[in-house]
Amino acid sequence: MRMTQIILATLAAAGLAFAQAPARAGAAPQNFDNVEIHTLPAQGSVYMLVGSGGNITVQAGKDGVLIVDTEYAALADKILAAIKKISDEPLRYIINTHYHPDHTNGNERLRKAGATIAGGNVAGDLGAEASAGAQIIAHVNVLDRMSAPTGQQASAPQGAWPTDTFIGNEKKLWFNNEGVEIIHIANAHTDGDSIVYFRKSDVISTGDLFVTTTYPIIDVAAGGTINGYIEGLNRIIDLIVPVYGQEGGTLVIPGHGRLCDLGDVLNYREMVTIIRDRVQDMIKKGMTLEQVKAAKPTFDYDPLYGSSTFWTTDRFVEAVYKTLTPKK
Amino acid sequence: MKYLQRPKIAHRLLLIAATALLCMPAFGQINLSGVWQNQLDEDFPDRLAGPELGDFAGLPINAPDRLRGETWDASLITLPEYQCRVHPSDYASAFADIRIWEEYDRDSQNLVAIHLHHFAWATERTIWMDGRPHPPEYALHTAMGFSTGKWDGDILTVTTDHLKEGWFRRNGLARSDRAVVTEHFIRHDNGLTWVTVVNDPAYLEEPLFRSRDYVFSVAGQIAPYPCESVEEIIRPRGVIPHHLPGTNTFLKEYQDRHGIPADAAMGGAKTMYPEYRAKLKGAGVQPK
């Protein structure tokens with residue numbers, strides 16, 4: 001199966017979780033027996049793992065292993081085996097870029113395979129429990145989306161929930177001799193998105209704030225908006241320093257699709273901004289959603305991004321239209 | 001005595017045979033190394049001068065790509081992040097001089113790669129000749145792409161994928177990152193013909209063929225090509241210059257200036273063929 005097909009199929013399956021929310025993240029939506037986890041060195045201490053869900057970013061060194069997103073639980077053993085080929089050190093941190101199951105479904109299994117850095121009084125008081133499991137870091141809205149008030153059904157099992165949340169625009173971490181910035185982008189793909197910037201390796205892991213396989217997936221029900229998404233792309237571009245022209249320098253690991261650099265993000269930002277502007281103009285002219293769809297504002301980009309059976313062009317246009325239409 | 005002379009004769013025969021083999025081109029390959037001067041007498045407007053807005057004639061583009069071109073605004077390239085955007089390898093042949101050199105494995109003297117340096121934007125590309133596979137689909141795409149070559153007789157044939165989005169023509173007609181490009185480098189004494197065939201499943205109705213000619217330059221030098229972006233226009237954050245569909249009045253200028261019907265100016269595979277020209281003449285259309 002070609003990688004693009006795998007990604008599209010996965011997106012289709014994963015997307016049902018938020019299309020029919022609240023869906024439990026624990027259920028594996030497809031047969032993963034034949035899925036392989038491929039490892040691609042990005043640069044510095046950072047690698048990209050490509051499987052069936054969202055891409056996983058791995059940073060490894062003497063302090064241990066940090067990963068961004070966890071794909072599906074059914075792939076956990078394969079993911080751990082792939083990580084083991086990069087490093088024998090323990091998995092210390094999991095960072096979730098957002099709550100969707102194709103990025104968080106493996107949280108519980110991978111967390112259990114890891115170990116939190118603990119020692120001194122903490123380890124003395126709590127014993128082995130102090131270091132049990134890797135920490136899961138995410139924006140607080142990710143926890144809100146995965147958990148539920150007491151007595152209500154949560155969308156994910158408790159063991160998969162983030163253990164270390166932040167509420168501001170950024171959380172910083174020093175790990176494996178490099179600064180790691182976790183930057184929250186408000187109301188973009190969802191309301192809890194983060195991008196992760198590995199400053200020394202010069203790699204940005206974007207989650208679904210940037211993909212190469214489909215139109216931007218905007219989970220309107222979870223607080224996503226087209227303008228937030230564009231702001232997210234602009235933030236990513238702000239962080240990138242190319243070697244020359246639009247290439248090299250900072251590398252970008254997208255939520256889905258291939259390894260990228262500045263030129264790819266610019267092309268994507270160009271497409272998203274142009275379509276936003278077209279739909280905005282149509283709304284100003286008083287066109288209904290059906291009229292906007294009929295006008296095909298994405299026509300020139302459909303050969304590139306319009307083949308997804310899950311995140312169809314119509315769904316994308318609907319999301320753009322809804323989040324640009326003033327609320328009455 | 002005769003018995004003793006046999007090894008000497010054998011050695012001499014071997015030496016002659018080895019010398020003859022060394023002087024023969026291996027596997028039909030020829031040497032492309034050197035500086036090659038670009039000849040601009042073919043498709044000139046598409047090259048140094050730059051194409052006119054709305055001139056899509058003769059390109060086998062499909063309807064979505066036509067809309068890309070119709071809505072493209074040249075102001076896009078005033079954005080700092082676009083100013084030093086390099087010509088992709090399939091368009092670089094249109095532009096300026098090139099240097100070609102070969103890379104050999106020292107011990108085996110097998111050809112490992114052929115390298116190209118383009119004057120324009122000082123881009124460099126590698127054509128791998130050692131039979132290595134192309135990278136997986138999820139690897140980085142670049143403006144130069146990933147190229148492998150083989151000799152078809154005296155013609156170097158190159159296959160390139162992993163390209164970033166580029167353009168068929170510098171007036172907004174996009175070439176997608178899914179394109180696969182086949183090139184043929186054909187040397188005739190001091191001349192070099194570089195044929196490019198672009199297959200783009202996203203934006204072409206038929207493959208796009210182009211040829212460019214170069215002349216060997218004995219004393220050729222290639223100058224540096226520095227590029228530094230600057231803020232040319234103060235704009236609000238995130239603005240992307242473009243025309244809304246149906247509002248680009250500049251498209252008509254090319255048609256009016258040359259008396260070319262809109263249908264022809266807007267391109268498509270049909271506009272590549274002589275029959276189309278005959279059809280236009282039959283309809284009474286005369287170019288200015």
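Student: What share of the contacts in chain B with a separation of 6 or more comes from residues 24 or more positions apart?
Tutor: In this predicted model, residues 24 or more positions apart account for 61% of those contacts.

Student: What makes a residue of chain B count as buried, and what percentage of chain B is buried?
Tutor: The cut-off is 20 or more other C-beta atoms within 10 Å of its own. Of the 288 residues in chain B, 31% are buried.

Student: How many helices and strands does chain B have?
Tutor: Chain B has 7 helices and 11 strands.

Student: What makes residues of chain B and chain A count as in contact, and how many are there on each side?
Tutor: Their C-beta atoms must lie within 7 Å. In chain B, 27 residues are in contact with 31 residues of chain A. Helix α2 of chain B, residues 63–70, gives the largest share of chain B's side, with 3 residues. By class, that side has 15 nonpolar, 5 polar and 7 charged residues.

Student: Which hand does the crossing of α8(A) and α11(A) have?
Tutor: The crossing is right-handed. A:Ile275, A:Arg276, A:Val279, A:Gln280 and A:Ile283 of α8(A) make the contact with A:Val317, A:Val320, A:Tyr321 and A:Leu324 of α11(A).

Student: What classes of residue make up the contact of α8(A) with α11(A)?
Tutor: The contact has 7 nonpolar, 1 polar and 1 charged residues.

Notes
Residues numbered from 1 in each chain as written. Chains lettered and ligands numbered in written order. Predicted model: local features only at pLDDT ≥ 70, side-chain atom pairs only at ≥ 80, totals over all residues. Helix = DSSP H or I, 4+ residues; strand = E, 2+ residues; numbered from the N terminus. Buried ≥ 20, exposed ≤ 12 C-beta atoms within 10 Å, placed from the backbone. Contact = placed C-beta atoms within 7 Å. Nonpolar A, V, L, I, M, F, W, Y, C, P; charged D, E, K, R; others polar. Left-handed = near helix turned anticlockwise from the far one by under 90°.
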